[in-house]
Amino acid sequence: MPDVTADMLNWWFVWHGLDPLRYAIWDPEDHFDVTINEEGRKRALDPTIPMAEKTWGATHTVQESIGGPPDEIVMQTGWMWEIFIFSRAAARGMQWHWHCSGCV
């Protein structure tokens, strides 16, 4: 996306995971719910942790439609924008790993 900075992405991934309404704003027709694990919530809300590190170790569980009926998708974030995405498709032998080390 043109003109989007790493700081913007870091802020978005921290902010949207804290409330389902925030996740729905991204795509109201396809994004239905989001929860974050307790450790991820604590890190996101901790003012002493730099924004770029707040999502490390967070697990977001979302209800989202990806061109079909809603699916539960679990995203685990790690260091340097490693995001592991699992869904019901993983049970069918599909798993995605997105790594964007140049994003931060």
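Helices (at least four residues) and strands (at least two) are DSSP runs, numbered from the N terminus. The protein has 4 helices and 5 strands. From the N terminus on, they run α-α-β-α-β-β-β-α-β.

This is a predicted model. Mean pLDDT is 78 for the protein, and 73% of the residues reach 70 or more. Helix H3 (residues 38–45) has the highest confidence, with a mean of 94. Strand E5 (residues 96–99) has the lowest, with a mean of 43. Across residues 91–104 the pLDDT is below 50, and this stretch has 25 contacts beyond near neighbours in sequence. Where pLDDT is low, the predicted coordinates should not be read in detail.

Of the 104 residues, 35% count as buried. The protein exposes about 6500 Å², with 60% of it supplied by carbon and sulfur atoms.

Now the aromatic rings. The structure holds 6 aromatic pairs. Two of them are listed here.

| Pair | Centre to centre | Angle between planes | Type |
|---|---|---|---|
| Phe13 and Trp26 | 6.3 Å | 85° | edge-to-face |
| Tyr23 and Trp26 | 5.9 Å | 85° | edge-to-face |

Phe13 sits in helix H1 (residues 6–15) and Trp26 in helix H2 (residues 20–26), so their pair ties together parts 13 residues apart in sequence. Tyr23 and Trp26 are both in helix H2, 3 residues apart, and about one helical turn separates them.

Tyr23 is buried, at 0% relative accessibility. Phe13 is buried too, because its relative accessible area is 15% and the cut-off is under 20%. Trp26 is partly exposed, at 45%.

Ring pairs join Trp11, Trp12, Phe13, Trp15, Tyr23 and Trp26 into a cluster.

Key
Residues numbered from 1 in each chain as written. Predicted model: local features only at pLDDT ≥ 70, side-chain atom pairs only at ≥ 80, totals over all residues. Heavy atoms only, no water. pLDDT = per-residue confidence, 0-100. Contact = heavy atoms within 4.5 Å. Buried < 20%, exposed > 50% of the residue type's maximum accessible area, 1.4 Å probe, protein only. Areas by Shrake-Rupley, 256 points an atom, 1.4 Å probe, with all protein chains shown as cover. Phe/Tyr/Trp six-rings, centres within 6.5 Å; stacked < 30°, edge-to-face > 60°.
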